Amino acid sequence: QQQQQQQQGQQQHGRGWDQQQGQSSSSGWDQTTSQGGSWDQQQGKGGAWNQQQGKGGKNGGKAGKKGGFQADLQEKARQEQEARMKELEEKKRQMEESRKKMMELRQQQELEAKAKMEELRKKKEEELKQKQEEMKRKQEEQKKEQERRIAEGKAMMAIRRAIQKVRPARPENYEELKTELEQALATELPNIGETGQTQLKDEAEKCIEQVQKRIETMAENARKEKERKEEEERKRQELTAKAVELVKQLEGMVEETAVATKGLGEKSSAFESADGASKKQVEAMAKEASEVEEAAKIKLKSCTDFIVEHKIALRTVLPNQGAGGTTATAKTTAKPDDAAKKDGEAEGSADAEEEAEQSPEEAARKLLASLMTTLTDTKRTLEGASASLASSRAKAESKAAANEKTAKMEALFAKYDKDKDKLLSRTEVSAYAQGEFKFKAVPTMLDKLWEIAVEEGTKGVSFDNFHLVKCSVGIARQMQIGERLRKVRIEKEKAMEAVRGELQTLIKKTAEDVNAADQEIVKAEKLVNPLGAKVREMNPDSMRALADDVEAEVKQCGEHVREARTTVEAIPEKFDGKLEGEIKAILLKDPLAKKVQMQVRRFDLRLARAVNLISRFRDDAHRKEASMLKEFRSAVVAVLRYAKETKSVSLEDLFSLIDADTDGQIDEEEFVKFFDEADKEVKVRKAFKGAGKPATKLATDANSAAEAGTNNAEGTEKNEEAEEDEFEALKLPELPREAVRRVFSTLLSDGETALSQDAFVQHLVVRYYVASKTTLTDRLGFEGATTLCQLEESDILELVEGPQRDADSGALRIQAKLAGTDSVGWATLEGSKGTKFLQEGGHKLKVVRETILTHGLEIEADAEASKLDHQPLKLKVGEILELLAGPRKEEKSSLLRVKVKSKSEGKIGWITCKSSEGARFVSVLA
């Protein structure tokens, strides 16, 4: 191309020179011609002048002389003109010769340029042909390579499909699936590269080894299950024999209970026939009936306790054959109907043959059903008999009490009936009132009593109206008490009139004390109310100090309130105790006293509000401190992770760098010293939101430009600009030594003073969990990438590098390790259209299938677990767990296990993430 451009430039230069020569030649010739034209014009003018001279000759001699002089001048001018023309013609000839030479030279140059162009064209065609052939060869090679990769991918897919078929193999189809896998390996391995062959052979060997172990475990479990069933059958037969004996024993107990229940019914009937029995007789009968009832209940309870005690044998070994069948059998056994009775000996013989065919177990089962029904009926009969006994007993006791009371009244009447005429005279009634109630009967009372209680024509009160005497005496006594109380009331009213003025003065003074206490509360409220607005502008320590000061003021205010309340409550105590009720009544009605009491009652609410605001202010200080501590902790973790990246070391190596005394632990001083020297200006890689090139690509372009021959300084400047575009400074709070110490204490477990390496790594590792199914590949880009493994939902990844944006697809990718395995590759964090495949987290888990929490990483065998005194904790579906460590692979079973803490019970232990069949026990919440 440069040669072609040079030739074109030479041709253009030649053409320009020729044009200049042609222009100069033609312009010169034209100018000469034009000059000649003007000379001809001059000649013409001369002719005209000659004509004028001829005309002048006619005019005289002077004109002739003048004309001859002019002719000389004209001749001289003509000669000069001719000489000039000859000179011009010579110049024209020379210019023509020069033009011809230039034309020849130009033609020669054009021929040479044309020859060179032809040579260049042929050379270019030859180069183009070579390039086309090279490109065609490369395309054929790429096509072959692509076909090889496709064939390799299909072969790998076929082998992996065979491996996946073998994984869930059962003993009955294991050999068939294994043979299929071996055939797939023999057929497809030649189509795969050496690296892929080695990898697939390892996968197949591991798969076969795991499946063989699992099948051996299944065979062992089957053997144990068979032994367990045989042992269960032996135990069942033993329990069956025991159950038959227990049913016979229960039969005797049920019969005794039925007999006792029948005796209780007889005792209940005895109460109904004891109308004239005395109270002692009724009590004796009740005692005897209670003993019979208690004995029946004890026997019934012994039956139920017997059933509960031996429920395994009676319920498990001898289960009911169905509700309908059991009821029918029970009814037939306990209460045969009339039709059965009429069948006679024929049916009896049929039953005997049926019983002969029944096994002891079946006979015991039917007998147990019958006994259960009988026991239920006996219990119902006993409850009815107990209720009937209680009712009959209550009636008998009520009759006996009434008889006894009547006898006492008759004895009392006879005691004061001195003349034995079965009537009480006025004197005898007065003696009754004095003797029984210490009350002196007045004539007015006796007159009223005689009006209502003494029948006409009789001299006194008969026994039938004896109760009216007692009522009359009671009424008269109450009237005397009322009169006495009236006198006391009048005395209190006089006393109250004397102290009313003093009471009002005391109320006013108390109101002043209460108002002073109210002012103290107002002052405290002015200190408390602005606390909420000061949360943002104050640090936690200042907030706690202010809360202490305000709390002291509120406590002092509380003392004043208690003094004011004591003053109000002590008002009635300052007067005669006999007037306490009246003074309290006045305090309830007096407006000023009511206002004072209302103020005092509100004091408690206002003080409680102040205390509540102070408590809330302290909580805000605690939350603010926790938030700051969280920010400090995030900053500390960011600085440690940045140190790992900048030093290009692993977390374990970073731990060793901080552990100055190499004792395997990081103490507080070592931690603080590291942060004194650490780079706290943390830079993080930008996560590009667009689909443009990542910063690493920009840097590569800058390096390519430098390699192509650009200025080194310019390349360096572009690299720096690319690095600035790739990273941005992370805004972190300042980390004083005290903040670092506080964060260090939060990293420690309870009771620890130093940080172990496992805990250090646990705090710093960045985890992602799979939110949507994706794959783990061997490179950042998708083109030509090989899938290492499939990522299922809730799988946990540990970050190695990234995030980085794939330039071709626009997807945001990270390099990560599948936790608990050795698989390291690239996974998609966010797709080009915003789909989230991974989420940062993995610390909060949820149980999705019931499992157990074991003490250690290793899974204990079922036989060993059954021998433990304390069985492993069962985790129910929906329980929330906190991740403490892992996932880690358990060597014997190759299962992934995690160490967790149960949120509900606070227990710590290990659980399995996913079974060997792929059933997941826990999923990730956040």
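E125 is partly exposed, at 44% relative accessibility; that class lies between buried, under 20% relative accessible area, and exposed, over 50% (1.4 Å probe, protein chains only). E125 forms a salt bridge with R121, with the closest N and O atoms 2.5 Å apart. A salt bridge here is a side-chain nitrogen of Lys or Arg within 4 Å of a carboxyl oxygen of Asp or Glu. The search of the whole structure finds 47 salt bridges.

This is a predicted model, in which local features need pLDDT of at least 70 and side-chain atom pairs count only at pLDDT 80 or more, while totals for chains, interfaces and linings use all residues. Residues are numbered from 1 along each chain as its sequence is written, and side-chain values use heavy atoms, with hydrogens and water left out.

**Salt bridges within helices**

- Side chains of opposite charge can pair when their charged atoms come close.
- E125 and R121 both lie in helix α2 (residues 61-166). They are four residues apart, about one turn of the helix. Helices are DSSP runs (H or I, at least four residues), strands are E runs of at least two, and both are numbered from the N terminus.
- R121 is partly exposed, with a relative accessible area of 37%.
- R223 and E227 meet through their side chains in a salt bridge of 2.6 Å, N to O. Both sit in helix α4 (residues 194-272), and because they are four residues apart, about one helical turn separates them.
- R223 is partly exposed at 38% relative accessible area. E227 is partly exposed too, at 41%.
- D377 and R380 form a salt bridge of 3.0 Å, N to O. Both belong to helix α9 (residues 360-416), where they are three residues apart, about one turn of the helix.
- D377 is partly exposed, with a relative accessible area of 26%. R380 is exposed, at 51%.
- A network of salt bridges links E145, R148, R149 and E152.

**A buried arginine without a salt bridge**

- R813 is found in strand β9 (residues 812-818).
- R813 is buried yet has no salt bridge. The nearest side chain of opposite charge is D806, 5.9 Å away.
- A polar atom of the R813 side chain lies 2.9 Å from the backbone oxygen of L780.

**The five-stranded sheet**

- Strands of a sheet pair through backbone hydrogen bonds, either parallel or antiparallel.
- Five strands form an open sheet here, in the order β17-β16-β15-β12-β18, and the pairing is antiparallel. Two strands pair if DSSP finds at least two bridges between them.
- β17 (908-912) and β18 (922-924) stand at the edges. Each has a single partner strand, so one side of each is left without a neighbour in the sheet.
- The twist averages 45° from one strand to the next. Axes are lines fitted to C-alpha atoms, for helices over the stretch in contact, and angles run from 0 to 180 degrees between N-to-C directions.
- Strand β16 (residues 896-902) pairs with β17 in the antiparallel sense over five bridges. V898 has I911 in β17 as its bridge partner.

**Positive phi in a loop**

- Most residues other than glycine have a negative phi, and most peptide bonds are trans.
- K420 is not a glycine, yet has a positive phi of about 60°. K420 lies in the loop between α9 and α10 (426-437). This lysine, K420, is exposed at 59% relative accessibility.
- K422 is not a glycine either, and has a positive phi of about 65°. K422 is placed in the loop between α9 and α10. Its relative accessibility is 65%, so K422 counts as exposed.

**An exposed isoleucine and its contacts**

- I452 is in helix α11 (residues 443-453). At 56% relative accessibility, I452 counts as exposed.
- Leaving aside neighbours within four places in sequence, I452 is in contact with L468 and S472. Contact means heavy atoms within 4.5 Å.
- I452 and L468 are 16 residues apart along the chain, and their C-alpha atoms are separated by 8.3 Å.

How values were computed. Lys, Arg positive; Asp, Glu negative; His and termini not counted. Polar contact = N/O pair within 3.5 Å; in protein donor to acceptor, adjacent residues only side chain to side chain.
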